[in-house]
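Visitor: I am new to reading protein structures. Could you walk me through one?

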Amino acid sequence: MNTSRYPEIKPGQKWIKRFYLAIMLWTVGKAIPVAAKVDKEVKKEIDKLPNNFTLRLMVLPERAFPPFFYAKMLPAFVADKGLLPYGLQMILHKDKEGKLHYQGADPRGKKFDLSMAFKSLEAAMMVFTFRESSPTGYAHDRFVVEGYLPNATIFMRVLDIVQVYLLPKLIARLAVKRYPSWSEMSPLKKHINRIIIYVRAFTF
Amino acid sequence: MNPTSTQTTENFEFLFYPKVVSGQCALENLPTELAGNDAQKPLVITSQAVARNGLTKILVKAFYDSAVVIGAIYDPVLDYAGISQAQQAARLFSERGCDAIIALGGGPVVALAKAVNVLVSERQATLQPYYNGTPIAGPLKPLIVVPSGASDGQEAMPAMTVDNRAIASESLYPGVFVLDGRVTIGDSPSCVAESGAIALAQAFTALTMEAPNPMIDALAHPSLDLLARYLLPAVRRPKDKAAGLAVANAAVLASAACANSGTGSVFVLGEALAAATGVSLGKCLGILLPFAIGALRQSSRPVRDALCLAVAGLEGFAAIPAQERPNKGLEMAAALARELKVALPASLQALRVQHHLLDPVAQAAAQKSAGRFTAAECRAILGRAWEANA
């Protein structure tokens with residue numbers, strides 16, 4: 001048998017989707033710590049997490065999505081500030097005083113108390129292109145969770161609220177489980193908090 | 001309470017092994033499933049028809065952005081699984097250092113993948129010891145099945161047929177089934193109708209078996225329910241992804257139910273007819289099923305209401321008076337099978353089966369059934385199916 005008729009295949013890469021997801025994870029990761037400061041609901045949820053707690057949201061398999069090369073060139077304390085989208089991971093750390101920090105996408109030297117991973121790039125795309133809301137994605141087994149499950153549900157609730165702030169209503173309705181009514185979140189409060197979150201999160 | 005509704009909840013054995021991953025983007029879960037089985041270099045076995053339809057390209061794209069390398073795509077399989085191809089694929093598996101097998105397709109592709117798995121895992125050159133009764137020691141390498149629209153009903157069973165000889169072992173259950181609408185679409189209406197006829201025969205057999213148990217019902221009921229709702233849309237529009245996926249799910253469920261319930265009269269008769277005439281099992285079952293159901297209606301054997309519930313749905317079931325449900329269930333199942341005629345021949349005569357073959361086929365089926373039914377009963381069903389006379 002001529003085995004060269006059946007060559008080995010090294011599958012390619014979907015660069016555009018990777019780039020899109022890196023931007024989305026970076027945006028959400030930067031917004032959550034600010035939302036914890038301006039929104040009472042988010043703060044209440046974050047307070048339920050233990051102090052000195054690190055969580056990450058990533059896309060599997062980890063080996064296929066290393067942080068972009070410039071994150072490796074920079075010293076860790078710079079990369080940890082998450083100034084630029086470094087890769088397909090989003091690391092959040094709640095320090096000893098209960099403050100939440102975004103720590104970029106570089107997992108080196110960090111120990112995770114909760115790790116939530118999308119099973120594939122397409123699964124992450126389903127959620128981050130809002131074809132499936134994050135709770136629906138969770139119900140459809142798009143994630144693998146390692147850690148204490150109640151903490152993962154806390155994070156999902158936080159993600160729900162942050163998406164309401166970050167996205168216009170038309171898109172946010174697709175992304176969240178139930179869009180809050182006027183009595184739950186007044187439009188004035190929503191728009192003011194949205195401006196604060198965008199300004200504080202992305203003005204470095 | 002209707003005595004025919006009672007189930008035996010004691011004295012039964014049940015095994016359903018494969019994990020089923022179904023739905024949108026299910027193919028993209030393959031790297032995760034491989035990683036879960038500690039594998040990262042699979043050998044893909046598929047058929048020429050599947051490769052021609054572009055399904056291998058879809059499979060390769062599902063591995064994009066993963067750490068998996070595909071050892072090779074072995075695609076010369078036609079409609080027959082033979083030992084020479086199994087040996088070739090096993091050599092390829094060893095040379096490339098593969099550690100798992102993915103079967104993309106149905107019927108002979110899955111049988112060949114199981115044969116390759118036995119050869120590489122047991123380090124054998126042939127399957128001869130297993131034909132002679134040597135048990136497969138197991139555990140085998142991870143086997144993931146990605147079924148296409150064409151199925152022979154054996155995919156989820158702990159058995160394989162290579163060179164027309166069957167081997168059965170619990171080690172032959174595939175590890176994972178991945179069902180994705182992009183792959184489960186049918187080639188043609190007749191291809192979907194044949195797969196559907198096999199699934200229908202298996203689910204019907206499992207729901208009308210003499211010693212029912214709740215575990216088999218748990219698989220056969222949703223299978224028949226899915227077939228009742230989606231089989232005809234899938235036959236009419238073979239490229240309909242939702243209907244194709246539903247029929248593929250029904251086929252896996254029916255196959256697993258049948259693996260536990262054993263084969264019924266219609267299946268044994270279909271297999272004997274297919275072996276004698278060389279016609280595909282799906283076509284034989286598609287023609288025989290309405291007549292076998294008709295024969296069951298005429299017999300005095302009790303039929304449970306579960307059949308009516310599965311075929312008619314909850315609303316329809318509630319609208320039928322209790323005493324009419326067994327008969328109505330059989331009637332509706334026969335009507336469903338008859339509707340496959342839009343894509344399959346109406347009679348054995350139309351299939352150009354020689355009339356003189358009916359007697360030997362009936363005798364072979366009666367012999368294979370080990371006394372569960374007689375040659376005369378089989379011959380009566382075959383006679384009606386030949387003339388298409390209900």
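Predicted model: local features only at pLDDT ≥ 70, side-chain atom pairs only at ≥ 80, totals over all residues.

Visitor: How many bridges join E2(B) to strand E4 of chain B?

Guide: Two strands pair if DSSP finds at least two bridges between them. Here 5 bridges join E2(B) to E4(B) (residues 100–104), and the two run parallel. Residues are numbered from 1 along each chain as its sequence is written, while chains are lettered from A and ligands numbered from 1 in the order in which they are written.

Visitor: Which strand is joined to E2(B) by 4 bridges?

Guide: That is E3(B) (residues 72–77), which also runs parallel to E2(B). In E3(B), B:Tyr74 is the bridge partner of B:Ile45.

Visitor: Is E2(B) buried or exposed?

Guide: A residue is buried if 20 or more other C-beta atoms lie within 10 Å of its own, exposed if 12 or fewer, and partly exposed in between, with C-beta atoms placed from the backbone. In E2(B) (residues 42–47), 6 of the 6 residues are buried, so the strand is largely enclosed by the rest of the structure. B:Pro42, B:Val44 and B:Thr46 point one way, and B:Leu43, B:Ile45 and B:Ser47 the other way.

Visitor: What percentage of chain B counts as buried?

Guide: Of its 390 residues, 55% do.

Visitor: How many helices and strands does chain B have?

Guide: Helices (H or I, at least four residues) and strands (E, at least two) are DSSP runs, numbered from the N terminus. Chain B has 15 helices and 8 strands.
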